[in-house]
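The report that follows is meant to be read alongside the sequence and the model. It moves from the accessibility of charged residues to the salt bridges, and then to the chain as a whole.

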Amino acid sequence: MEVGLLYKRIDTMHYSKREFQELYRRCAPQAMRMALSLLHDEDEARDVVQEVFLKLWETPVEMSSPDSFVTRMVRNRCLNRIRDADTHQRILQGYPLGDISEDDLAEAVELEEQIRKALATLLTPRERQAVEKVFGEGLSYREAAQHLEVSVAAINKYLVNALHKLRKHLNPQRND
């Protein structure tokens, strides 16, 4: 198969199974090496490479250089996993589960109830929906915007307003 044809066909994401296999054959070894060098875990590296190629197969994406595009996607996914793992580890270190006293648990339950009441009473319906989508369901701003049929800027505005109201309500001494 002519490489120029493959690039043209991939640019528009109208390619055959055979052409996608050719892309995988060309790019996967380099992608795997990069993922392994960043993650130092073969299973994690395989997962990242698989996620990237699955995303390419399922989602139309315009790209001028498939090799560079795949490499960039793998790098970004690896960095996201490293960041997420680091955040998770910091949370576990900051809040060891085995050391929770009954007083701490009662305080956490009370705070959760205060937050629930504040969400129900202080926020507009759109602010509440944005908070639920982003923080409750873990959606990205873009995904939340699609679900709520608004712009990403609107989601950002709703969240900024909601967090400001919640902070002010839950910590009235704070000067915002």
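Predicted model: local features only at pLDDT ≥ 70, side-chain atom pairs only at ≥ 80, totals over all residues.

A residue is called buried when its relative accessible area is under 20%, exposed when that area is over 50%, and partly exposed in between.

**Overall fold**

The secondary structure of the protein chain comes to 8 helices and 0 strands, so that read from the N terminus the elements run α-α-α-α-α-α-α-α. Of the 176 residues in the protein chain, 25% are buried. The chain exposes about 12500 Å², of which carbon and sulfur atoms supply 52%. When contacts between residues at least 6 apart in sequence are considered, 55% of them join residues at least 24 apart.

**Salt bridges**

The count of salt bridges in the model comes to 9.

| Pair | N to O distance | Location |
|---|---|---|
| Aspartate 67 and arginine 26 | 2.8 Å | helix 4 and helix 2 |
| Arginine 46 and glutamate 42 | 2.3 Å | both in helix 3 |
| Arginine 77 and glutamate 51 | 3.3 Å | helix 4 and helix 3 |

The salt bridge between aspartate 67 and arginine 26, with its closest N and O atoms 2.8 Å apart, links distant parts of the chain, since aspartate 67 belongs to helix 4 (residues 66–94) and arginine 26 to helix 2 (residues 17–39), 41 residues apart. Aspartate 67 is partly exposed at 26% relative accessibility, and arginine 26 is likewise partly exposed, with a relative accessible area of 22%.

Through salt bridges that share partners, Glu44, Glu51, Arg77 and Arg81 are joined into one network.

The pair formed by arginine 46 and glutamate 42 lies within helix 3 (residues 42–58), where the two residues are 4 apart, about one turn of the helix. Arginine 46 is partly exposed, with a relative accessible area of 47%, and glutamate 42 is partly exposed at 42%.

**A negative patch and a loop residue**

Which residues form a negative surface patch? The patch is made of Glu102, Asp103, Asp104, Glu107 and Glu110. Glutamate 102 is found in helix 5, which covers residues 102–122, and it is exposed because its relative accessible area is 71%, against a cut-off for exposed residues of over 50%.

Threonine 124 lies in the loop between helix 5 and helix 6 (125–136). With a relative accessible area of 34%, threonine 124 is partly exposed. The C-alpha atom of threonine 124 is separated by 8.3 Å from that of alanine 162, although the two residues are 38 apart along the chain.

Note on methods: Residues numbered from 1 in each chain as written. Heavy atoms only, no water. Patch = residues over 30% accessible without salt bridge, like charges linked within 9 Å, V, L, I, M, F, W, Y side chains within 5 Å. Areas by Shrake-Rupley, 256 points an atom, 1.4 Å probe, with all protein chains shown as cover. Salt bridge = Lys/Arg side-chain N within 4 Å of Asp/Glu carboxyl O. Lys, Arg positive; Asp, Glu negative; His and termini not counted. Charge placed at Lys NZ, Arg CZ, Asp CG, Glu CD. Buried < 20%, exposed > 50% of the residue type's maximum accessible area, 1.4 Å probe, protein only. Contact = heavy atoms within 4.5 Å.
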